[in-house]
Amino acid sequence: MKIIVLPGDGIGPETMAATVEVLRAASQRFGFELALEHDIAGHDSLRRHGATVTPALLDKVRAADGLMLGPMATFDFKDESKGEINPSMFFRKELDLYANIRPSRTWQGVPHKVDAFDLVVVRENTEGFYADRNIASGGSEMLITEDVVVSLRRITRLCCARIARAAFELASARRKHVSIVHKANVLKIGDGMFIDECHKVARDFPDVTVDDFIVDAMMAHVVRAPQRFDVIVTTNMFGDILSDLTAELSGSLGLGGSLNMGARYAMGQAAHGSAPDIAGQDIANPFSLILSAGQLLDWHGRRTNQPAYVAAADAIARTAAIVVEAGESTRDVGGNLGTAATGRAFAQRLLEA
Ligand code: NAD
């Protein structure tokens, strides 16, 4: 498996170094070949190439089997005409990574304010309210006059149907339940179409049960009784917000893995941002990126029918639980190690798995 590694901005280089250590241990322990090719994106690329991402980099990623994207300082990138492109949006759009898979679970050893749970948010990733990706050219947020802004949301049957299928396929390999989250009481046509498409796909999965929730009420349900949820499928912005809530409910945003996947490509990416407030201090939690790398191995193994990658992904998930419970982690989740030492401890445990 060839993976392009883009460390990113802020805490990206530290957390990516720890992740690479774990990936190398996984390939050693499970006996598969892994070619990790480092390149740059974000501020480094802007300085060197005049753009945060380049067409040459996209070609490289297209020729590889997967991409690991470190957190990017996206808020700094405001003017595309100056090469300031949001790398995360760029890859999601160019590679048609339509499904953002964000698992969240509670962990032994990490305090959490709600009942124990284990769920996955499946978020549509290519349209909705995201003005930078729901239109072929230009942006779908417009300043009509100095005092009037119009932001458009795009919903298509194709995108609803394919995200629904991703959710039901995932649920059928888990606890066989899908919850549809929407705002069809207000966005009657768009979210009405989303619900319809989800129910159409549900007919192909008779052993998966389905319910649905209005997004505002969902905030209460997921805090009050998160254990009732298995797979949650929703549109882009609702999924963005809801998955940060579920990650935080699990004990820390730093514990949320995230995979962006399409029919041919996939990108592992931390759920959090570049955290400039703690960059370079060796205190950032690398778990989110490590768990995302595990998801990427799992995706590749299933797609190419190579069980070693799936076994490695499974071991990474189990090792995370062991390492967290043993306190071999960063301070934000109750440990006393730095970022680099956390990566080393994780890799060591994985070699012993
Ligand atoms: P952030 O997620 O970077 O940080 C929020 C808070 O969480 C900060 O206090 C930070 O120290 C803490 N935090 C984040 N990750 C952590 C980790 N791994 N370990 C320990 N603590 C961690 O959000 P922000 O400060 O709003 O954004 C900073 C930059 O990141 C902005 O430019 C924003 O646009 C960008 N961003 C990028 C992504 C992405 O690349 N996917 C996602 C969100 C934000």
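Which residues in α7 meet which residues in α8?

Modeller: This is a predicted model, in which local features need pLDDT of at least 70 and side-chain atom pairs count only at pLDDT 80 or more, while totals for chains, interfaces and linings use all residues. Residues are numbered from 1 along each chain as its sequence is written, and side-chain values use heavy atoms, with hydrogens and water left out.

On the α7 side V215, M218, M219, V222 and V223 meet F238, L242, L245, T246 and L249 in α8, where contact means heavy atoms within 4.5 Å. By class, this contact has nine nonpolar, one polar and no charged residues; Ala, Val, Leu, Ile, Met, Phe, Trp, Tyr, Cys and Pro count as nonpolar, Asp, Glu, Lys and Arg as charged, and the others, Gly among them, as polar. Helices here are DSSP runs (H or I, at least four residues), numbered from the N terminus. Two packed helices are described by the angle between their axes and the distance between the axes. Helix α7 (residues 215-224) and helix α8 (residues 236-249) pack at about 15 degrees with their axes 11 Å apart, the axes being lines fitted to C-alpha atoms over the stretch in contact, and angles running from 0 to 180 degrees between N-to-C directions. The helices α7 and α8 are therefore roughly parallel to each other, since angles under 35 degrees count as roughly parallel, over 145 as roughly antiparallel, 65 to 115 as roughly perpendicular and the rest as oblique. Their crossing is right-handed, that is, the near helix is turned clockwise from the far one by less than a right angle.

Two other pairs can be set beside this one. Helix α1 (residues 12-30) and helix α11 (residues 339-352) have axes that come within 8 Å and cross at roughly 10 degrees, and α1 and α11 are therefore roughly parallel to each other. Their contact, by class, has eight nonpolar, four polar and four charged residues. Helix α5 (residues 157-172) and helix α6 (residues 188-202), by contrast, pack at an angle of about 45 degrees, with their axes 8 Å apart, and are therefore oblique to each other. The crossing of α5 past α6 is right-handed, and their contact has 10 nonpolar, no polar and four charged residues.

Notes
Helices (H or I, at least four residues) and strands (E, at least two) are DSSP runs, numbered from the N terminus.
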